Amino acid sequence: MIRLEGVGFSYGDQSVLTDIDFTIASGELAGIIGPSGSGKTTLLRILLGELRPTIGRRTSDSSSEVVVGYVPQLDPSERSFPLTVEEMVLLGRSAFSRRRPWFDRSERAETRAILDRLGIGQLSQRRLDELSGGQFQRALIARALLSRPRLLLLDEPTSGIDLNTRQSVLKLIDELRTDGYAVVVTTHDLNWVAAHLPRIVCLNGRIVADGAPLDILNEDVVAATYGARMDVFVHNGRPVVVDPERMG
Amino acid sequence: MTMSYLTEPFQYDFFGRALIVAILIGVLAGALGPFVLVRRMAYIGQGMSQSVLGGVALGVTYGLDIYVGAALAAVLSAGLIHFVRSRGLSVDTAIGIVASTMFATGVAIISSSRDRRLNSTNLLFGNILGVRTSDIVLVAVVFSIAMAVLFFQYKPLLAATHNASVAAAHGVRIKFIETLFSMLLAMVVVTALQVLGVLLVAATLIIPAATSIMTFSAFRHIVIGSMALGFTFSVIGLFVSFHRNIASGPAIVLVGAVVFALNLLSIGFPRRSAGSIR
């Protein structure tokens, strides 16, 4: 669907990404992990088309540009904005909707269907600042879905929400994948992606490893990605990364 | 209140002209205000309006129309603010320096000029007596253009205001929208000069919007409410201005401030104060 070939990116003299080869296909779900400053968000912005690679190229498999739905990190300023849930979600279609201040009945019906599917249909007329973290995360996903994307990019969808909500967000992401969306998730949460996602990309300015968690996660890969030695165990068929110093 | 309180001002031609201009400016500033507020651009509106004074003074001195001088000053101030920011200073510092300098330029020229058009009180606080038919035409044209732009670009503008990165990802042309919004803001500041004066233009962008935000939940209702409040403040303010013999700008702003304060008190602890936005 989208392919990055030999991509590098620099902010001025400072190189952020080097020699990135990455492909995401329809129905694929991948997690990008790495420490702060590893280039996760830059990589996401290149996939989004917001940043142009300094070297290398970004291509898509169709003649027209792939529509990308973007779910940003939870931002308190976005949440305090005076909008209802329905209004915010409808903004996902703002560039393609008819040029007038109100939305069509069909667009509102589509919004209601998406909100119902995400389990927050009853909250459509609530203000954003009345939502819980998990509900707001779902509203952001609903906005991205209304843009009718083929690829969904989620930036740190598990940060700032509780464990229970994380599980429901994960379930939702998995459902979207089975519906045919390609999904790319960035996160700091190594164990979360290792336990739940079929593919992870370990990033630290370059791609350290790319594949199924069980196949690629080991002490050397974790050390090359995070710059620290950590133990990697397999528990119930899933890799678990543990900081030995914290275990005492 | 007797009926004559409402009818007496219309015995004077200038009042009808001033009322039309004040209503158009009030409604337009009311429509833009919520966007200005949630973008935290209130200070930019204030800075731009202060900068206009220097342009007006220079324009009049060199034989230009007041509005031409004001428009050039608005564009120049936006460019200078951008230039100072590009050198690493924060936006509020850039606005403070540019606006103060251009305002000081205006005051310096006015204080040494004998041109009757450069009346400092009128320029700073507005003068309903000075509204000419040509002012009505200009404000009506600006009002029509700005409202048409807001009507047709409401959705992309709201999307870009809420989250520019997401809006860009979903197909909104951010640079185009941002340029458009800056132009709208400059147009309001320049055309509001006659009735409100350079010091009080920003208040008409802020007070109706802040009052409406405290009252309504949906943004579209906030915009409509802010336009209605802008209309109401302008009408009541002009009558107060006439009967109390005070400058039109302060009268309109004080009416708005009283309604804002009453609204604040009536809802006790606001569910969303204007200062908490973004």
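A:Arg127 is buried, with a relative accessible area of 4%. In this predicted model, the side chain of A:Arg127 meets that of A:Asp129 in a salt bridge, with 3.2 Å from N to O.

**Salt bridges within the chains**

- Side chains of opposite charge can pair when their charged atoms come close.
- Over all chains, the count comes to 17 salt bridges.
- One of these joins A:Glu86 and A:Arg108, whose closest N and O atoms are 3.5 Å apart.
- This pair links distant parts of the chain, since A:Glu86 belongs to helix H3 (residues 85-90) of chain A and A:Arg108 to helix H4 (residues 105-117) of chain A, 22 residues apart.
- A:Glu86 counts as buried, because its relative accessibility of 5% falls under 20%.
- A:Arg108, by contrast, is partly exposed, with a relative accessible area of 33%.
- In chain B, a salt bridge forms between B:Arg132 and B:Asp135, and the closest N and O atoms are 3.1 Å apart.
- Here the acidic residue, B:Asp135, is buried at a relative accessible area of 1%, whereas B:Arg132 is partly exposed at 41%.
- A network of salt bridges links A:Glu28, A:Arg199 and A:Asp210.

**Where chain B meets chain A**

- How many residues of chain B are in contact with chain A? There are 29 residues of chain B in contact with 33 residues of chain A.
- The area buried between chain B and chain A is about 2,800 Å², and carbon and sulfur atoms give 60% of this area.
- Between chain B and chain A the count is 1 salt bridge.
- The salt bridge is formed by B:Arg220 and A:Glu87, with the closest N and O atoms 3.4 Å apart.
- The count of residue pairs in polar contact between chain B and chain A is 10, with both residues at pLDDT 80 or more.
- Which elements give two or more residues to the side of chain B that touches chain A? They are helix H7 (133-162), helix H8 (164-169) and helix H12 (219-244) of chain B.
- Among these elements, H7(B) gives the most to this side, with 10 residues.
- The residues on the side of chain B that touches chain A divide into 15 nonpolar, 9 polar and 5 charged.

- A:Thr42 is found in helix H1 (residues 40-48) of chain A.
- Is A:Thr42 buried or exposed? A:Thr42 is buried, because its relative accessible area is 8% and the cut-off for a buried residue is under 20%.
- When residues up to four places away in sequence are not counted, A:Thr42 touches A:Phe9, A:Tyr11, A:Val16, A:Leu17 and A:Leu51.

**A hairpin in chain A**

- Strand E10 (residues 231-235) of chain A pairs with strand E11 (residues 238-242) of chain A in the antiparallel sense, over 5 bridges.
- Within this pairing, A:His235 stands opposite A:Arg238 in E11(A).
- E10(A) and E11(A) form a hairpin with 2 residues between them.
- In the turn of the hairpin, A:Asn236 has a positive phi of about 55 degrees.

**Positive phi at other residues of chain A**

- A:Asp19 is not a glycine, although it has a positive phi of about 55 degrees.
- A:Asp19 lies in strand E2 (residues 14-24) of chain A.
- A:Asp19 counts as exposed, because its relative accessible area of 53% is over 50%.
- A:Glu156 likewise is not a glycine, and its phi is positive at about 50 degrees.
- Where does A:Glu156 lie? A:Glu156 lies in the loop between strand E6 (151-155) and helix H6 (163-178) of chain A.
- A:Glu156 is buried, with a relative accessible area of 4%, whereas A:Asp19 is exposed.

Methods:
Residues are numbered from 1 along each chain as its sequence is written. Chains are lettered from A and ligands numbered from 1 in the order in which they are written. This is a predicted model: local features need pLDDT of at least 70, side-chain atom pairs count only at pLDDT 80 or more; totals for chains, interfaces and linings use all residues. Side-chain values use heavy atoms; hydrogens and water are left out. Contact means heavy atoms within 4.5 Å. Buried area is the accessible area (1.4 Å probe) that two parts lose on being put together, summed over both. A salt bridge is a side-chain nitrogen of Lys or Arg within 4 Å of a carboxyl oxygen of Asp or Glu. A polar contact is a pair of N or O atoms within 3.5 Å; within protein, one must be able to donate a hydrogen and the other to accept it, and residues adjacent in sequence count only if both atoms are side-chain atoms. Helices (H or I, at least four residues) and strands (E, at least two) are DSSP runs, numbered from the N terminus. Ala, Val, Leu, Ile, Met, Phe, Trp, Tyr, Cys and Pro count as nonpolar, Asp, Glu, Lys and Arg as charged, and the others, Gly among them, as polar. Buried means under 20% relative accessible area, exposed over 50%, partly exposed in between (1.4 Å probe, protein chains only). Two strands pair if DSSP finds at least two bridges between them.
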